[in-house]
Amino acid sequence: MDAAATDRVLTVPNAISAARLVLVPVFAVLLVQRQDVAALVVLAVSGASDWLDGVLARRLGQVSRLGRLLDPAADRLFIVVTIVALAWRDVVPWWLVGALVARDAALGAVQLVVMRAGWAPLPVHLAGKTATLMLLYAFPLLLLAHLTVDAPTAVATGLTALGWAAALWGAALYWTSGVFYLVQARRLLGGAV
């Protein structure tokens with residue numbers, strides 16, 4: 001799998017991932033300034049771009065080592081900033097922030113140990129990709145549900161139910177994938193973790 005990755009830096013998927021990194025502070029500022037519709041658009045575009053960069057990398061033959069680092073880094077940063085901003089606005093509870101940030105902190109430490117031991121970063125697991133997709137799907141729904149509190153009850157209730165279903169499944173998969181990464185790290189390090 002690593003043999004297919006190139007050392008190219010200037011690729012379309014890497015540009016999309018870099019743009020997603022640039023959108024992180026844009027989203028946060030928009031949400032803090034209560035420009036909710038614009039923040040919702042940025043959030044939706046970021047979620048769609050996460051899917052798009054992977055598809056383009058494979059279809060254009062532009063899978064790169066930088067992309068394999070940049071894409072998950074953009075995902076993690078966007079998830080952390082988004083969840084903190086949404087909690088700050090009382091869209092989601094702080095316990096969800098703690099659950100997601102604790103998982104990222106733990107795996108960040110594990111990644112450092114793995115790389116310090118001379119191994120490449122752990123490959124992304126399907127459960128991790130699915131968890132990220134679910135969370136990036138949940139956040140716009142939860143924000144939209146928050147914005148539609150004055151809408152007919154069925155609309156707000158439906159958006160809230162869909163958003164929380166995606167958020168809870170995403171959080172559960174996020175932690176499940178975390179366990180998978182710990183198992184991978186343990187195997188790489190010969191049981192030292």
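Predicted model: local features only at pLDDT ≥ 70, side-chain atom pairs only at ≥ 80, totals over all residues.
Helix H3, spanning residues 65-88, packs against helix H4, residues 94-116, with the two axes 9 Å apart and at an angle of about 160°. Angles over 145 degrees count as roughly antiparallel, and H3 and H4 are therefore roughly antiparallel to each other. Their crossing is left-handed. On the H3 side, the contact is formed by Arg 76, Ile 79, Val 80, Ile 83, Val 84, Ala 87 and Trp 88. These residues meet Trp 94, Leu 96, Val 97, Leu 100, Val 101, Arg 103 and Asp 104 of H4. Sorted by class, the contact of H3 with H4 comprises 11 nonpolar and three charged residues, with no polar ones.

The loop between H3 and H4 contains Asp 90. The phi angle of Asp 90 is near 65°, a positive value in a residue other than glycine. With a relative accessible area of 63%, above the 50% cut-off, Asp 90 is classed as exposed. A positive phi is also found at Arg 34, again a residue other than glycine, where the angle is near 60°. Arg 34 lies in the loop that links helix H1 (12-32) and helix H2 (36-59). The relative accessible area of Arg 34 is 54%, and this residue is likewise exposed.

In soluble globular proteins, nonpolar side chains tend to be buried together. In the present model, the largest nonpolar core has 30 residues, of which Phe 27, Val 92, Leu 100 and Phe 139 touch the most other members. At least two residues of this core come from each of H1, H2, H3, H4, helix H5 (126-147) and helix H6 (153-188). The greatest contribution is that of H5, which supplies seven residues.

The surroundings of Phe 27 were examined with neighbours within four places in sequence left aside. Under this condition, Phe 27 is in contact with Ala 39, Val 42, Leu 43, Phe 78, Thr 82 and Ala 85.

Technical notes:
Residues numbered from 1 in each chain as written. Heavy atoms only, no water. Axes fitted to C-alpha atoms, helices over the stretch in contact; angles between N-to-C directions. Helix = DSSP H or I, 4+ residues; strand = E, 2+ residues; numbered from the N terminus. Parallel < 35°, antiparallel > 145°, perpendicular 65-115°, else oblique. Left-handed = near helix turned anticlockwise from the far one by under 90°. Contact = heavy atoms within 4.5 Å. Nonpolar A, V, L, I, M, F, W, Y, C, P; charged D, E, K, R; others polar. Buried < 20%, exposed > 50% of the residue type's maximum accessible area, 1.4 Å probe, protein only. Core = buried A, V, L, I, M, F, W, Y, C linked by side-chain atoms within 4.5 Å.
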